[in-house]
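Visitor: Please show me the model. Then let me ask about its fold and its ligand.

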Amino acid sequence: MGQAETVKAGTGLPLYWRVCLINGVVFLLGTVALALSPATVSARVLVSEAIVLVFGLAIIVTLNSLLLRNSLAPLDKLIRMMEKVDLQHPGQRIPEHDNGAVGHLVKSFNEMLTRLETERRMSNAKALAAQEAERHRIAQELHDEIGQSFTAVLLGLKQVADRASADVLPEVQLVQEQTRAGLEEVRQVARRLRPGVLEDLGLHNALVALSNDFAPAGLRIRRTFTPGLPELDSDAELVVYRIAQEALTNVARHAQANSVELSLTRKGNDVVLSVKDNGRGLRGQPEGAGIGGMRERALIVGGDLELTSGPTGGTEVRLTLPTEGSR
Ligand SMILES: Nc1ncnc2c1ncn2[C@@H]1O[C@H](COP(=O)(O)OP(=O)(O)O)[C@@H](O)[C@H]1O
Ligand SMILES: [Mg+2]
C-alpha cells in the first residue's frame, strides 16, 4: 500500500474551526472587494450587473473550494489507505506528520492496526495450537487403538496361517498382506498428523521422510539442505514442516509436475524454505484454505510467505523465517 504517501502537515486547529475560518476569510474578502469596487446593483438587475455578480460568485466558490481542499484532502487520502490495508500483510502504517485532527485520526488508526495485528496473531496461534493438539490426540489414538487392533489381527492370522491347510493358505496369506498394508497406512496417516520425527530426529529428517511420502506419486524430488543452519525454535520448525507438507500436497494435487525441488537454506540470518515444482503454474487460481493456512502459520512466527509462478509454468512457495540472529 502507499506507505510513501504522506498526509500533509497542517495547523493544530480542529477541522471544524479550520473550515469556519476559511469560509469566514473568503466571505470577508468577497465583501471587502464588493465594498471597494465601483460596482452597483440596480433595483431591477441589469444584464451587465448580473454578469459581474456571477463572475464574483464564481471567484468566491473557486477560492473557497481550493482552500477547503487543502484541509480536507488528507482525510480522503486516509480513507483510501484505510480501504487498502490488508491484515494478511502486517506492518502497513500511515506516516504521522499532521498534528491536527487528521494527524490524531492517523495516529489512532495506526494504533488500532497494531492492536488488530496482535490480536489476530494471538488468536490464530491459539487456533493452530488447538488444531495441532487435536491432531496429536487423533494420531495417538490411531496408533494406540487401531494400530493395536491391526497388530492383534496380524498375530491371530499368523496362528491361523501356521495351522492352515495348503488349499486355504494362499488366501490367509493374502489377508495377512492386506492387513499389513492397512497397518502401514494407519501408521502413515498418524505420522502425517503428528510429525513425531520432528521431535525425535529434527526438522531435516522430518522433511526427508515427508518428501519420501510423495515419491510414489510419481514426483522426482531434489533436496538441498544447507548444513549448520541457524537454530529454529520448535514452533518455527513445526511451521516449516506444515508449510512444506501443504506445498508438496499442492504439487501432487494440482501442479501436474514430474519434479520438485525442496530446499532449506539460509539467507543472511534468515532460514529459507523453498518448494519449487515444474508444473503448470498457479494460473491466477484463487487462493484456498491451504494457501491461507500457510500464510497464517508464517505470520504467527514472524515469517514471510511468497508464492510465485513463472510465465511458462512452475510454482515456488518460499518461506523466509527470521532467527535469533536476524532480530
Ligand atoms: N503447485 C501448484 N501448482 C499449480 N496450481 C497450484 C499449486 N498450488 C496451488 N495451486 C492452485 O491454487 C489453488 C488453491 O490452493 P490451496 O489454497 O492449497 O487450496 P486447495 O489445495 O484446497 O485447492 C489450487 O486449487 C490450485 O488451483
Ligand atoms: Mg492445498
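What follows is a short exchange on the overall build, the helices and the ligand site.

Guide: This is a predicted model, where local features need pLDDT of at least 70, side-chain atom pairs count only at pLDDT 80 or more, and totals for chains, interfaces and linings use all residues. Residues are numbered from 1 along each chain as written, chains are lettered from A and ligands numbered from 1 in written order, and side-chain values use heavy atoms, without hydrogens and water.

Visitor: In what order do the elements run from the N terminus on?

Guide: Helices (H or I, at least four residues) and strands (E, at least two) are DSSP runs, numbered from the N terminus. The protein has eight helices and five strands. Their order is α-α-α-α-α-α-β-α-β-β-α-β-β.

Visitor: What is the radius of gyration of the protein?

Guide: The radius is taken over C-alpha atoms, and the globule rule is 2.2 Å times the number of residues to the power 0.38. That rule gives 20 Å for 327 residues; the protein is well over this, so it is more spread out than a compact globule, with a radius of gyration of 34 Å.

Visitor: Where does α3 bend?

Guide: Helix α3 covers residues 101-163 and reaches 91 Å from first C-alpha to last, close to the expected 93 Å. Expected span is 1.5 Å times one less than the number of residues. A bend is the angle between axes fitted to the seven residues ending at a residue and the seven starting there. For α3 the bend is about 30°, at G147.

Visitor: Which element gives the most to the shell around ligand 1?

Guide: The shell holds 17 residues, each with a heavy atom within 4 Å of the ligand. Elements giving two or more residues are α7 (234-255) and α8 (289-300). The most, five residues, come from α7.
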